[in-house]
Amino acid sequence: SQTPAELAAAPAPALSAEELAERAEREAEEERRRARRERERRERAREERYKERERDDKRKEREREDEYRERERAWERREVEKARMREREKDRDREKERDRERWREGGERRRAIPRDETHAEMLRRVRRERQDDELDRLKDAQELVAQQQQAA
């Protein structure tokens, strides 16, 4: 019996043409399997990249839609605020017109501006008048509540 080292050192027996053909066929088959596995791996990688790109596109589309909806809401808020400003402006104009009417009728001169007051005095006067108006509104509301409670 020979040792493994002796077996490895021994010259390989000559292969017959049939054995050489079988070996070449096995190696060719192995190479085809390797090539097919590599092709399948590249195909899976390509599909994965495609899916990743689709996910990215969908995410970007969602972000664009969210941004659009947010801009839409901001626009609506601005429109509502503009409408409120216009309404307040109309209220102020109506109040000024009522004051002019009172002035013309010789009635209440409460909001007639004396021309000899300074800007600071005018601001204090307006603030005081607004506080008076607010107090009047509160008293009216309290009286209304009291009346409703008595009626009930």
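**Salt bridges, helices and surface charge in the predicted model**

The structure holds 28 salt bridges, and because the model is a predicted one, the contacts and distances set out below are computed from its coordinates. Side chains of opposite charge can pair when their charged atoms come close.

Helix H2 spans residues 17–104, and within it Arg34 and Glu30 are placed four residues apart, which is about one turn of the helix. The side chains of these two residues, Arg34 and Glu30, meet in a salt bridge with a distance of 3.8 Å from N to O. Arg34 also forms a salt bridge with Glu31, for which the closest N and O atoms are 2.7 Å apart. Glu31 and Arg34 likewise both belong to helix H2, where a separation of three residues again corresponds to about one turn of the helix.

Another pair in helix H2 consists of Glu61 and Arg64, which lie three residues apart, about one turn of the helix. The side chains of Glu61 and Arg64 meet in a salt bridge at 2.7 Å, N to O. Glu61 has a relative accessible area of 34% and is therefore partly exposed, while Arg64 counts as partly exposed at 49% relative accessibility. Elsewhere, salt bridges that share partners join Glu25, Glu29, Glu30, Glu31, Arg32, Arg33, Arg34 and Arg37 into one network.

Glu72 is found in helix H2 and counts as partly exposed, its relative accessibility being 33%. Between Glu72 and Asp140 there are 68 residues of separation in sequence, and the distance in space is 41 Å from C-alpha to C-alpha. Glu79 lies in helix H2 as well, and a relative accessible area of 27% makes Glu79 partly exposed. Glu79 and Asp133 are 54 residues apart along the chain, and their C-alpha atoms are separated by 29 Å.

Helix H3 comprises residues 119–151, a run of 33 residues, and the distance from its first C-alpha to its last is 48 Å, close to the 48 Å expected at 1.5 Å a residue. The buried residues of this helix are Arg125, Glu129 and Asp133, where buried denotes a relative accessible area under 20%. A patch of negative charge is present on the surface, where Asp132, Asp136, Asp140 and Glu143 gather.

Helix H1 is made up of residues 4–9 and includes Ala9. Ala9 is exposed, with a relative accessible area of 64%, a value over the 50% limit that is set for exposed residues. Ala9 and Val126 are separated by 117 residues in sequence and by 115 Å in space, taken from C-alpha to C-alpha.

Note on methods. Residues numbered from 1 in each chain as written. Predicted model: local features only at pLDDT ≥ 70, side-chain atom pairs only at ≥ 80, totals over all residues. Heavy atoms only, no water. Helix = DSSP H or I, 4+ residues; strand = E, 2+ residues; numbered from the N terminus. Expected span 1.5 Å × (residues − 1). Buried < 20%, exposed > 50% of the residue type's maximum accessible area, 1.4 Å probe, protein only. Patch = residues over 30% accessible without salt bridge, like charges linked within 9 Å, V, L, I, M, F, W, Y side chains within 5 Å. Areas by Shrake-Rupley, 256 points an atom, 1.4 Å probe, with all protein chains shown as cover. Salt bridge = Lys/Arg side-chain N within 4 Å of Asp/Glu carboxyl O. Lys, Arg positive; Asp, Glu negative; His and termini not counted. Charge placed at Lys NZ, Arg CZ, Asp CG, Glu CD.
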